[in-house]
Amino acid sequence: MSKKFFNGYVYVTITGKSPELMIKHLHRNDIPFYNVKRVNENTITLRMRYLDAFHLRSIRREFKCKVSFQKRGGAPHYYQKRKKIFPIIISVVLVISFIFVLSNMIWKVEITGGTPEVRYEVEELIETLGLNRGTFIQSMESISSIEREIMNKIEDVSYVGIKRTGTSFHIMIEENKNTIHDQERDPSNLIATNSGTIQQMYVTNGRPLVRINDVVRKGDVLVTGKLDDEKDIYTYSEGEVIAEVWYNITGTVDLAVEKKDLIDDVEKEYGVGFGQRDWFPNKSENDRLLLEETKPIYFLFWETPFSIEKRYFYPENTSVDTIDDNQVIEEVIDEQLKRKLGQSVEVLYQKVLHEERDNDKVKLEMFVKVLEDITKEQIIDQGD
C-alpha cells in the first residue's frame with residue numbers, strides 16, 4: 001500500500017489567470033501531486049497528499065490563484081469519520097483472535113483406570129508426545145499414534161482409549177489381568193499342518209500321541225485334549241512339535257537388484273489446508289513420503305475448514321547392486337525361502353535340482369529340508 005494512502009489525500013481545484021505556473025512551481029520544489037486535469041482555461045484540478053496541501057496557502061498569493069479543497073480521503077480521513085467505532089472493531093477482532101487461539105490449545109487432560117503408578121507412567125509418556133496442558137492441539141501427535149505408543153511402551157496396559165471433547169482429552173486405560181482363566185478355554189487338539197519326522201516336542205498342556213522320530217502325515221493328531229480314553233475329561237492342548245519337513249520349491253532370484261538408500265534425517269514440510277485442497281510452500285518431488293498428518297483448526301467447539309498439514313519425507317538414493325558371488329546367491333535364496341515358509345523355520349539342507357539363467361535372473365528348482373513347528377489347534381467337538 002502506497003505512502004499516499006497512509007498520509008491521506010485531498011482533491012484540489014486551482015483557479016486563476018495562470019494556474020499552470022503554479023503547477024510548475026510545485027514541480028520545481030519537489031512537492032508531489034498527481035491526477036492533474038484541466039477543467040477550462042483558468043481552472044485545473046489535481047490530487048495531492050493532505051500534508052503537502054498546506055504549501056498551497058503561501059503559493060496561491062504569489063500566483064494570484066484561488067485554491068479550494070473538494071474532497072478528502074485516505075486512512076486518516078476515514079479514521080476521523082469513524083474513530084468512535086474503531087476501538088469497538090479492534091476490540092472485537094482481538095477477542096475473536098483470543099478465542100481462536102484458546103480454542104486450539106489443550107486445557108484439560110484426564111486419565112482414568114489402572115493403578116496410580118500406571119497412570120503416572122502414562123502421564124509422563126503423553127507429555128513427550130505433546131499431549132499436555134497449554135500446548136497447541138496441532139503440535140501433538142495423532143490420537144491413534146499416542147494410543148499405539150502407550151500400548152507399546154507400557155507393558156502393564158492392555159487397553160487405552162482417548163476421547164477428545166473440545167479442548168479436553170479423556171484417557172481411559174485398562175491393565176493386564178494377572179490371572180488367566182485357562183479353564184474357560186475350549187477343549188482342543190494339536191494336529192499336523194505338514195508331513196514330516198518329529199525332532200523336538202514342547203507340550204505344556206494336553207496328552208501327546210506321538211514321540212520323537214515318529215513320521216506323521218498332514219492332519220494327524222499330535223496332542224489330544226482328551227485326557228482319558230474311557231472318561232470324558234477334556235482340556236485344551238498347547239505346545240510346539242518341531243518336525244523335519246521336505247519341500248520342492250521353484251523360484252526366481254534377481255541378480256541385479258535396485259536398492260534405495262534412505263538418508264537418516266527426516267525432512268518435514270508444513271502447509272495449510274482448506275477443505276480438500278492444500279498448499280505447501282516447498283514440495284519434495286523425489287523424496288519418499290513417510291507419513292502425512294492433518295491437524296484441523298478449531299473455533300470453540302467447531303472444526304473449521306482450515307487445517308495444518310504436515311508431511312515427513314525420507315530423502316533416498318537409488319543404486320543397482322549386481323550379485324555375482326555364489327555365497328551371496330545362497331544367502332538370497334535362504335532369505336526367499338524364509339519369506340515363503342516363514343521366518344521361524346530353520347533351513348537344514350538345500351539342493352538345487354535345476355538352474356536356468358536368463359540375463360539378470362536365475363530360475364531355480366530346489367529340494368529343501370527345514371525344521372518347523374507343524375502344530376495347529378483344532379477345537380474338539382464333544383457332541384460327537
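Helix 2 and helix 3 are oblique to each other. The model is predicted.

**Exercise 1.** Work out why helix 2 and helix 3 count as oblique.

*Solution.* 
- Step 1. Find the angle. The axes of helix 2 (residues 19–28) and helix 3 (residues 56–63) cross at roughly 135°. They come within 10 Å.
- Step 2. Apply the cut-offs. Angles over 145 degrees are roughly antiparallel, and 65 to 115 is roughly perpendicular. The crossing of roughly 135° is therefore oblique.
- Step 3. Helix 2 passes helix 3 in a right-handed crossing.

**Exercise 2.** Name the residues that make the contact between helix 2 and helix 3, then sort them by class.

*Solution.* 
- Step 1. Helix 2 contributes Leu21, Met22, His25 and Leu26.
- Step 2. Helix 3 contributes Leu56, Ile59, Arg60 and Phe63.
- Step 3. By class, this contact has six nonpolar residues, one polar and one charged.

**Exercise 3.** Describe the open sheet of three strands and find its edges.

*Solution.* 
- Step 1. Read the order: 5-7-6, with mixed pairing.
- Step 2. Find the edges. Strand 5 (108–112) and strand 6 (157–165) each have a single partner strand, so one side of each lacks a neighbour in the sheet.
- Step 3. Check a pair. Strand 6 and strand 7 (residues 168–175) run antiparallel and are joined by eight bridges. Lys163 stands opposite His170 of strand 7.

**Exercise 4.** State which strands helix 6 lies across.

*Solution.* 
- Step 1. Helix 6 (residues 116–128) lies across strand 5, strand 6 and strand 7.
- Step 2. Helix 6 runs at about 145° to strand 5.

Key:
Residues are numbered from 1 along each chain as its sequence is written. This is a predicted model: local features need pLDDT of at least 70, side-chain atom pairs count only at pLDDT 80 or more; totals for chains, interfaces and linings use all residues. Side-chain values use heavy atoms; hydrogens and water are left out. Axes are lines fitted to C-alpha atoms, for helices over the stretch in contact, and angles run from 0 to 180 degrees between N-to-C directions. Helices (H or I, at least four residues) and strands (E, at least two) are DSSP runs, numbered from the N terminus. Angles under 35 degrees count as roughly parallel, over 145 as roughly antiparallel, 65 to 115 as roughly perpendicular and the rest as oblique. A crossing is left-handed if the near helix is turned anticlockwise from the far one by less than a right angle, and right-handed if clockwise. Contact means heavy atoms within 4.5 Å. Ala, Val, Leu, Ile, Met, Phe, Trp, Tyr, Cys and Pro count as nonpolar, Asp, Glu, Lys and Arg as charged, and the others, Gly among them, as polar. Two strands pair if DSSP finds at least two bridges between them.
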